[in-house]
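Please work through each task before reading its solution.

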Amino acid sequence: MATDYMCPTKPEPTLSFTQGLIVGQLSVILLLAAFIKFFIFGDPPSPEVTASIRATERRSRTLAHRQSLLTLRTQNARQTQTQLGPNKKKSSVLRNPPTLTIGSILHKTYYNVDSHQPESLDWFNVLVAQTIAQFRSDAQHDDAILNSLTNALNGTSRPDFLDEIKVTELTLGEDFPIFSNCRIIPVDEDGLSLDNRNGSGIPGGQGGAAGARAKLLEGTRLQARMDVDLSDMITLAIETKLLLNYPKRLTAMLPVALAVSVVRFSGTLSISFIPSNPSQSTPTMMTFSFLDDYRLDFSIRSLVGSRSRLHNVPKIAQLVEARLHRWFDERAVEPRFQEIALPSMWPRMKNTRGTGDEGLDGLAPPGVGMGTGKGREAPNSLYEETSQGSQAESSAAGASARPELNYDALRYRRTRVREDDVRTGSFSMPGSLPDMDLNLQS
């Protein structure tokens, strides 16, 4: 009877506590080793494969954006037709020019988008090279660009785990970009090329070659596209420290050094002008962007640690390169673009520069040269000079004192009559030929 109430014996574990601890530590070490080997020190894909993948992603994003633009454009056109109000009455003094279209601009400038050969832009390359050379020369005389980069890197958005960033190397390169193969194409109001709609899967016009050409010339503005190629070594090297602030501040520090070099860039640059809108007080804008078929190659070097250092970690290079491509795509790759407001193109006196001491008409004040900085103090127009003269005359006497006014002012400037002409009764007609007089006594 006693044996029936005995508790069953528990099976003893096959592994002791020490053995389980050892197995757990070994598994963690193996996982860390696999992570370091395949994730950090793994061989990166070839540059050609990476560039092809990125180009495919950019192309799909561009096509999706174009399709969405066409859909929104159809909806906005219907709403605009119902919301149009009465037109404002314009002045009849300024004559309205004839309707200007893309076809008329191309016809008057003798440019055929089908048969015109692309231009080499050799003269433009020389001007750009001189500008970049001057920029590099100015950067050598002061530390303005170095201070600007340091302030930008150490901005208010720097995280707490990152120490101060120091610039250790800055190389602006030695070569210059080469622009070539410039051509002019009509685009619509959104900057989309009209001749590539059918080839990119976007529905276009039909009706033969004539209908396609008429559809092509319906664009709202012209766009210049040119190829850009740069092979150089533009380097920016920095160093900082990764801070561990747990469980207390500055528990540990890990030095990190990084050097990024741009070795190659090739792509297609598109430039166009957006006309001003007087109703909205918007100036004329110049827009530029790069097509999605560009190629941008980097050379990235990294150094992690102080004593046992890790040189050129592949994963760090991939992360930095992906971040730089994303930064460039979000700012200057279609469908995104950069805008630059253009100043007024009308000639103004304050913008005039020269080497003489006075203008061609002698209106500049004496002692002020138009080629010096003091020339900016000259009046902006003849209207200001005239208004100054009229104000001085208004402070004089009334109509009875009119002969005592300053006749050199523009408002009361008249042709001086000689006493000999009064006695003889002969006067010369303004604008007549020399030695031709009018005898009023006959």
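**Backbone exercises**

N312 has a relative accessible area of 46% and is therefore partly exposed, a class that lies between buried (under 20% relative accessible area) and exposed (over 50%), computed with a 1.4 Å probe on protein chains only. The model is predicted: local features need pLDDT of at least 70, side-chain atom pairs count only at pLDDT 80 or more, and totals for chains, interfaces and linings use all residues. Residues are numbered from 1 along each chain as its sequence is written, and side-chain values use heavy atoms, with hydrogens and water left out.

**Exercise 1.** Determine the phi of N312 and its place in the fold.

*Solution.* Step one: phi of N312 is positive, at about 50°, although the residue is not a glycine. Step two: N312 belongs to the loop between β7 (310-311) and α7; helices (H or I, at least four residues) and strands (E, at least two) are DSSP runs, numbered from the N terminus.

**Exercise 2.** Is L121 buried or exposed, and where does it lie?

*Solution.* First, L121 sits in the loop between α3 (102-108) and α4 (122-141). Next, its phi is positive, about 65°, and L121 is not a glycine either. Finally, the relative accessibility of L121 is 7%, so it counts as buried.
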